[in-house]
Amino acid sequence: MKNNGMSIIVRTVTRFVYGLIILFGFYVIMHGHLSPGGGFQGGAVVASAFALLLVAFGSTGLKGRLNLHWLQTMEEVGALSFLALAFLGIGTAFFYNLFANSGGFLFGASVPTGSNAGVFAAGGLVPLMNWAVGLKVMTGIAAIVIIMLVGSRKEETE
Amino acid sequence: MRKVALFVAFLFVGAFLLLGVADMRPFGEPQIADMDDYYIANTQREVAVNNVVTAVVFDYRGFDTLGEATVLFAAVVGILALFRKPREDER
Amino acid sequence: MNIGNLPFVVAALLVLFGLYTFLFKRNLIKLVIGITLIETGVNLFLVTLGYRTDGISPIYTFAPEAQKMVLPTPQALTLTSIVIGLATTALLLSFAVFIHRHYGTLDVRKVKELKG
């Protein structure tokens, strides 16, 4: 089977780099309530790592590593968990931030007013929603990229 | 002839856009900002988040984010349905 | 018109370029590029509306004390708009792929003749 990836230089650099890109994307998602970034941006960064893998190794070299059904399932899991997190505070209002300033273990800490160094365990539902939306965006964009490349490539060679 | 008419229409729209932009209020001085000032002043107390944009996206205006997530989901499902390989009995 | 309005002018020019693509180009891929140009112009216009002179980004982590912040709401809505634009662009491009597969061309004048 002919591999339709790029040259060995690109493939070697990709092997070094794609883990770091994914790590950076998870960092952006994780610190979405403290620093610039959030679920959308971090998810797009992780999806760009998947796209890099796809470009470097080709649609045939990636077979079996990224399952399309798995990606679609994870996207639905992200969307549904976002909706469930929004429904958590339905006792007061839809999208009510139940855990903020509650003092509980789930991001319940309070932050001082004004410029500070950032409290990681604060924010209530916001970091959890960041993770849900990040999961949704990264798997959704990865599914779009994979199916647009693989799907259009396959029909031509048939 | 059609191209000339289109070009006239294009010039018309462009002139309107540029004239409207030239009459815009000055850059860097938003005049109605009460809501945003409320967000900036109260985000740390109400949502306990340092990033005001994230607080607006996920807390104050969560419905917009929900609709956006729905649009992304619909697009992904639509693309997957388009590129789906037809089964044998459908061909 | 003063020079301070330059970002608004740039946004209007981006929208105009996209409109030019709509009116005078026939290729479907170029039409998609025109849509993204208009989208970029609208996003730039939204962000520009919320800018305050010498404002810092609305994030309190290690922020300089006692400085104005730019408006957060246009930035949040622009974030939403960017992701929606990405989704619609992907959908449009896959439609273009299928139109090319079905008609063998990307010219909108030839596509409108019904076939098959």
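Ala, Val, Leu, Ile, Met, Phe, Trp, Tyr, Cys and Pro count as nonpolar, Asp, Glu, Lys and Arg as charged, and the others, Gly among them, as polar. This is a predicted model: local features need pLDDT of at least 70, side-chain atom pairs count only at pLDDT 80 or more, and totals for chains, interfaces and linings use all residues. Residues are numbered from 1 along each chain as its sequence is written, chains are lettered from A in the order in which they are written, and side-chain values use heavy atoms, without hydrogens and water.

**Exercise 1. Describe the lining of the largest cavity.**

Step 1. Search the whole structure: 1 cavity of 30 Å³ or more turns up. On a 1 Å grid over the protein atoms alone, a cavity is a set of points where a 1.4 Å probe fits but cannot get out; lining residues have an atom within 4 Å of a point. The volume is the space filled by probe spheres set on the points, which are joined across faces, edges and corners. Here that is about 30 Å³.

Step 2. List the lining. Chain B provides Val56(B), Val57(B), Arg61(B), Asp64(B) and Thr65(B). Chain C provides Ala76(C), Leu77(C) and Thr80(C).

Step 3. Sort by class: 4 are nonpolar, 2 polar and 2 charged.

Step 4. Assign helices, which are DSSP runs (H or I, at least four residues) numbered from the N terminus. H3(C) gives the most, with 3 residues.

**Exercise 2. Check the length of H1(C) and find its packing partners.**

Step 1. H1(C) covers residues 6–24, which is 19 residues. The expected span is 1.5 Å times one less than the number of residues.

Step 2. That predicts 27 Å, and the end C-alpha atoms are 27 Å apart, so the two agree.

Step 3. Its buried residues include Phe8(C), Leu14(C) and Phe24(C). The buried residues pack against H1 of chain B and H2 of chain C.

Technical notes:
1 Å grid on protein atoms, 1.4 Å probe; cavity = no way out; pocket = protein on both sides within 12 Å on 5 of 7 lines; lining within 4 Å. Helix = DSSP H or I, 4+ residues; strand = E, 2+ residues; numbered from the N terminus. Buried < 20%, exposed > 50% of the residue type's maximum accessible area, 1.4 Å probe, protein only. Contact = heavy atoms within 4.5 Å.
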